[in-house]
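Here are my notes on the model, as numbered points. Please read them with the structure open.

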Amino acid sequence: MERVWLSSPHMGEMEKVYVAEAFATNWVAPLGPNVEAFEKQLSEYVGVKGVLSLSSGTGALHLALKMLGIKRDDIVLCQSFTFAASAFPITYCDATPVFIDSERDTWNMDPELLEKAIKDQLKKGKKPAAIMVVHLYGMPAKMDEIAAIAQAYDIPLIEDAAEALGSSYKGKACGSFGKMGILSFNGNKIITTSGGGALTSNDEAIITKARFLATQAREPVPYYLHKEIGYNYRLSNVLAGIGRGQMEVLPQRIDRRREIFDFYKNELGNSGSIHFFDEPEGLFSNRWLTTVLFDKKIGTGFNEKLRVELEKFNIETRALWKPLHQQPVFAGCDSYNNGVSDELFETGLCLPSGSNISGENLEKVVYEIKRFLS
Ligand SMILES: *Cc1c(COP(=O)(O)O)cnc(C)c1O
């Protein structure tokens, strides 16, 4: 039985051409024409002045925090409902994450809880050093409210748009709101360079400085001179060739992911026991993954039972992100909770959503879900 993947790489026509060009011209280095072209495509697409392509989204987050001067004992307010990679880089800076729960409309950071956390931390004499908001599964967070709070309290905002390339909030692209944003091109994201990421900003000075830090903080002199700690975080020109080709097909990939969401919703949305997650007015999701919630009336743990059942048919599904305030590695961290992300984790499931999934396999997934439901 052929495996039905959750989300697997989907190459277009041109990726190989650009990679071959890198070989033909011997630009097999972490800089070169593909890197420049890929960064230009990204900055035009996201609508930001500067983009720095990097070896991972995690590295991009680390650099973003470094650019803000995040240091030991600083507090960073981070969305709890997300992949651990959103918060790991906070610990690389010896800073402390404080987790903020989600609201139900977008499943992302709850602005009310965010403000409560800021007030509470200020009362303790600790002004948070940054806010890390995530657009999870491609759904934009409530950016008007969150950006207003960040501005009112003068706290810099970092946008983790790793899952949200192509999503937009009131017509403005995710990754263009914060002081900095990050993207990921890991293997299962909406487009991939097999591994890679990017830092975005409208402040070109930030991108220039980040590029310097990502290249081992090498001073512009003819010998190796270093006045700061650097990192080796640049994206290879070979991989940027894949990214270039992927950017050409990104609009098609988004259309297909959205079509997959609609297909599942049409087939399963009327059962009464499966709930779909509609876009609030003005928000556009790339529908990176189709996520569903199972009604509590069909019993707790149904999501895991169905996952095990579908696995028998070689269909890959996955639990929603386990909230970071529940992760053993972050057990000592403060969090501001309202129960939303806990409930999402307990009742949700991600369905196979790759843009290369065949119609036949989509039918198979729906058939097996319906059969198991009845
Ligand atoms: C994938 C992902 C990251 C990390 O990106 P990598 O390129 O895998 O390092 C960070 N945050 C979120 C929300 C992600 O989904």
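1. Phenylalanine 302 is buried, with 10% relative accessible area; buried means under 20%, exposed over 50% and partly exposed in between, with a 1.4 Å probe and protein chains only. This is a predicted model, in which local features need pLDDT of at least 70 and side-chain atom pairs count only at pLDDT 80 or more, while totals for chains, interfaces and linings use all residues. Residues are numbered from 1 along each chain as its sequence is written, and side-chain values use heavy atoms, with hydrogens and water left out.

2. Phenylalanine 372 has 26% relative accessibility and therefore counts as partly exposed. Phenylalanine 302 and phenylalanine 372 form a tilted aromatic pair, with 5.7 Å centre to centre and 35° between the planes. Rings of Phe, Tyr and Trp (its six-membered ring) pair if their centres lie within 6.5 Å; planes under 30 degrees apart count as stacked, over 60 as edge-to-face and the rest as tilted. The pair links helix α9 to helix α11, with the two residues 70 apart in the chain. Helices (H or I, at least four residues) and strands (E, at least two) are DSSP runs, numbered from the N terminus.

3. How do the axes of α9 and α11 cross? The axes of α9 (residues 302-312) and α11 (residues 359-373) come within 11 Å and cross at roughly 125°. Axes are lines fitted to C-alpha atoms, for helices over the stretch in contact, and angles run from 0 to 180 degrees between N-to-C directions. That angle makes α9 oblique to α11; under 35 degrees is roughly parallel, over 145 roughly antiparallel, 65 to 115 roughly perpendicular and the rest oblique.

4. Phe302, Lys305, Leu306, Glu309 and Leu310 of α9 meet Glu368, Ile369, Arg371, Phe372 and Leu373 of α11, contact being heavy atoms within 4.5 Å.

5. The structure holds 15 aromatic pairs. In one of them, phenylalanine 99 and phenylalanine 330 are edge-to-face, at 5.2 Å centre to centre and 65° between the planes. Phenylalanine 99 lies in strand β3 (residues 96-100) and phenylalanine 330 in the loop between α9 and β13 (335-336), so the pair ties together parts 231 residues apart in sequence. Phenylalanine 99 counts as buried at 0% relative accessibility, and phenylalanine 330 counts as buried at 4%.

6. Phe81, Trp107, Tyr137, Phe277 and Trp288 form one aromatic cluster.

7. Two backbone angles deserve a look. Aspartate 94, not a glycine, has a positive phi of about 60° and lies in the loop between α4 (88-92) and β3. Serine 194, in the loop between β8 (180-184) and β9 (197-201), has a positive phi of about 75°.
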